[in-house]
Amino acid sequence: MRVIVYTGKGGTGKTVTSCATAIGLAERGYRTLLISADPAHTISDALDIDIGHNTKTITSNLDAIEIDPLFEISKDYVDIISSISSSFIGKGVESSIAYEIAMLPGMTQLFSLIKIDEVIRKNNYEKIVLDMPASGEALKFLYFPKLMGSMGRRMTGFTNLFSGFAKMFQPMSGYSAYLDGFITQTDILRRLDNLFNILTNQTITSLRLVTNLNNFSVKNAKRALMSANLFGINVDLVIINKVDIKDEDKKIFLEKIKLNFFPLPCRQAIRMKEELQGIEMLRQHNYHIFGREDPSTIFFNEKVYSIEENNDTITLTFKIPFAKNSQLDIQKKSDELLITLEHDRGILANTVTLPFAAVTMNIDSSKIVNDQLVVILKR
Ligand SMILES: Nc1ncnc2c1ncn2[C@@H]1O[C@H](COP(=O)(O)OP(=O)(O)OP(=O)(O)O)[C@@H](O)[C@H]1O
Ligand SMILES: [Mg+2]
């Protein structure tokens, strides 16, 4: 099984690229499932087919599902939630409580994740393509299982994480005992653990970053790359979408973006004249990105960053282009390192996104060891 996850800043083309990849895979004969965990339900729009909340066959070999956490709660969990709630209130709870719960922080992610685990486990798909909401949200999705898993084992942490439930049940005593009931009945921790194991298995899952030719989406993708590295999720490709090179400046910018993601491979897809919609255009989009290659290839499997934390220092090790033969200047600005490389092909400004823990630190030293830049940050 292969799981391919697309993420990136809003509007960069995650949904069309997920749909295009899934179409490309199905056409190669793989039994493929396209999952949207985006509450905005945009794969129906991109495919121009109404999909709905259960898996639906789109073409031969291709099924799709748009997960709706609200639907999941009202279908499978309303009884559990009602029974837990009614233990407090002493009477049955109207179904509207499901809607209230769905609106609480963390809940949509949680129920989407449970559903993702279910569809992956229950069916025998060879390839699964996951369209995630914009990066910030998506990362929460991906790391939620880990946080939940590790915190859940310490009940106090778990109640914090379930801040939604916590708020609801705060006025009542014995809250954590009921939470315990919820956890046991839904088997939530095991399911989240299972999902996290799939996501961090580098031979199964690849995260792909979608960006456009602008600094905002590049910065967003770099943060996703750094976090993915921290969590042990393999990023195998950057897709620079909506490329529209009319002038020399754009061309230079495109090359700069590619160098900025070094050593990750980058693919590019042209901006089409019309809005990308329908199977035929999506098939073309897949061709622009992957040509005749199998889109489920693992295109890269190396750690881009290594981050070691020690009491009051963080040691970052990462590859930079032209490491051997360039003059380096490194400065730290809030959550970024700005690296200027002066080499025989010109000057390159490269940025490296730092973990949030490094924001208040300063550069202590930097050196190049075996083609890698090693930067020590100190509080
Ligand atoms: N290569 C392209 N050429 C032309 N139009 C494109 C291309 N890629 C994306 N689009 C268009 O850009 C818009 C945004 O694309 P899409 O919905 O895939 O982005 P997204 O990253 O999923 O956005 P969101 O964050 O809102 O989920 C859509 O209207 C889509 O048709
Ligand atoms: Mg989308």
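Me: What counts as a strand, and when do two strands pair?
Reply: A strand is a DSSP run of E with at least two residues, numbered from the N terminus. Two strands pair if DSSP finds at least two bridges between them.

Me: Which sense do β9 and β10 pair in, and over how many bridges?
Reply: β9 and β10 (residues 313-319) pair in the antiparallel sense over 6 bridges. Asn-310 stands opposite Thr-313 in β10.

Me: Where do these numbers come from?
Reply: This is a predicted model, where local features need pLDDT of at least 70, side-chain atom pairs count only at pLDDT 80 or more, and totals for chains, interfaces and linings use all residues. Residues are numbered from 1 along each chain as its sequence is written, while chains are lettered from A and ligands numbered from 1 in the order in which they are written.

Me: Back to β9. What order does its sheet have?
Reply: The order is β9-β10-β15-β14, an open sheet of 4 strands with antiparallel pairing. β9 (305-310) and β14 (362-369) stand at the edges with a single partner strand each, so one side of each has no neighbour in the sheet. Neighbouring strands of this sheet are turned by 15 degrees against each other on average, direction ignored (axes are lines fitted to C-alpha atoms, and angles run from 0 to 180 degrees between N-to-C directions).

Me: New topic. What is the order in the sheet of 3 strands?
Reply: That open sheet runs β11-β12-β13, with antiparallel pairing.

Me: Why is one side of β11 left without a neighbour?
Reply: Because β11 (327-333) stands at an edge with a single partner strand, and so does β13 (346-353).

Me: How many bridges join β12 to β13?
Reply: 8 bridges join β12 (residues 336-343) to β13, and the two run antiparallel. Thr-340 stands opposite Ala-349 in β13.
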